[in-house]
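Please look over the chain shown below. The report that follows walks through its sheet, its helices and a few single residues.

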Amino acid sequence: IAVAVYSAELIGSPTGSLSRDVRSGPERGVGRTVELLVSAAWLAIMAWLIVRAVRQRGLLSRLAVAPAPPPDQAPLVAVIVPARNEEENIGRCLAALVAQDYPAGRLRVLVVDDHSQDATASVVGGMAARYGQVELLRSPPLPAGWVGKSHACWSGARAVLRETQWLCFVDADVTLAPAALSSAVQAAALRNLDLLSLAPHQELR
């Protein structure tokens, strides 16, 4: 496009000569000054954002690793995993959940299949056949005004046992460390919390 415009200007020139945009010295100096000021402002903003991010890292306390509670003292925990087209991730997620050091008899894992179109349900079904605490649920049709993931979480929460004391919502692409549930339950109990949210370490692929 630039070449076409440039050629049209040449054709329309009475003399057929090449016209040039010549700026005077002061105008050229002002342009360079503006460019330097904009660049300096951009660098200052980026530096401020980096410093702010580094400082905010210390605002989140790390979850202390805690030993598993005795089975007779462990609250009943239901882990709810909403999943939609997660055949590549759900196996690792469930393997980490059943490998938790939390007492298996006090742990129930509910996977809510949100109308997946891949092998998610098949993978979960295989895990459920091997591990008694894993259960596959089918998400009902999405009502008007609902978002799929939120509805899947709500459906899972309604399916837990009445005596369940803690609900743990985990994304299907999350892999928990073996002591994650034990540590989270203890942290919530010690701090008298009703809600505990954990920020995971992220791996980019």
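## Model and confidence

Two strands count as paired if DSSP finds at least two bridges between them. The model is predicted. Mean pLDDT for the protein chain is 86, and 85% of its residues reach 70 or more. Residues 1-19 fall below 50 in pLDDT, and this stretch has 4 contacts in the model beyond near neighbours in sequence.

## Overall layout

The protein chain has 6 helices and 4 strands. Starting at the N terminus, the elements follow the order α-α-β-α-β-α-β-α-β-α. The chain holds 205 residues, and buried ones make up 28% of them. Take the contacts between residues at least 6 apart in sequence: 78% of these join residues at least 24 apart.

## The sheet

The 4 strands form an open sheet in the order β3-β2-β1-β4, and the pairing is parallel. At the edges sit β3 (134-138) and β4 (166-169), each pairing on one side only. On average, neighbouring strands are turned by 25° against each other, direction ignored.

β1 covers residues 77-83 and pairs with β4 in the parallel sense over 4 bridges. Within this pairing, V77 stands opposite W166 in β4.

## Helices on the sheet

Two helices lie across several strands. α5 (residues 148-158) lies across β1, β2, β3 and β4, and its angle to β1 is about 150°.

α3 also contacts the sheet. Its buried residues are I90, C93, L94, A96, L97 and V98. They pack against β1, β2 and β3, and against helix α4.

## Helix α6

How many of the 11 residues of α6 (residues 180-190) are buried? The count is 8, so the helix is largely enclosed by the rest of the structure. The buried residues are A180, L181, S182, S183, A184, V185, A187 and A188. Their cover includes strands β1, β2 and β4. Just after α6, N192 has a positive phi of about 55°.

## Q100

Q100 sits in the loop between α3 (90-98) and β2. Is Q100 buried or exposed? Its relative accessible area is 7%. The cut-off for buried is under 20%, so Q100 is buried.

The Q100 side chain reaches the backbone oxygen of A96 at 3.1 Å. A96 is itself one of the buried residues of α3. Leaving out residues up to four places away in sequence, Q100 touches L107, L176, A177, P178, A179, A180 and L181. A180 and L181 are among the buried residues of α6.

## An aromatic pair

A pair of aromatic rings is described by the distance of the centres and the angle of the planes. The count here is 1 aromatic pair. The rings of W146 and W154 have centres 5.2 Å apart and planes at 40°. Planes under 30 degrees apart would count as stacked and over 60 as edge-to-face, so this pair is tilted.

How accessible are the two residues? W146 has a relative accessible area of 34%, and W154 has 38%.

Key
Residues numbered from 1 in each chain as written. Predicted model: local features only at pLDDT ≥ 70, side-chain atom pairs only at ≥ 80, totals over all residues. Heavy atoms only, no water. Axes fitted to C-alpha atoms, helices over the stretch in contact; angles between N-to-C directions. Contact = heavy atoms within 4.5 Å. Buried < 20%, exposed > 50% of the residue type's maximum accessible area, 1.4 Å probe, protein only. Polar contact = N/O pair within 3.5 Å; in protein donor to acceptor, adjacent residues only side chain to side chain. pLDDT = per-residue confidence, 0-100. Phe/Tyr/Trp six-rings, centres within 6.5 Å; stacked < 30°, edge-to-face > 60°.
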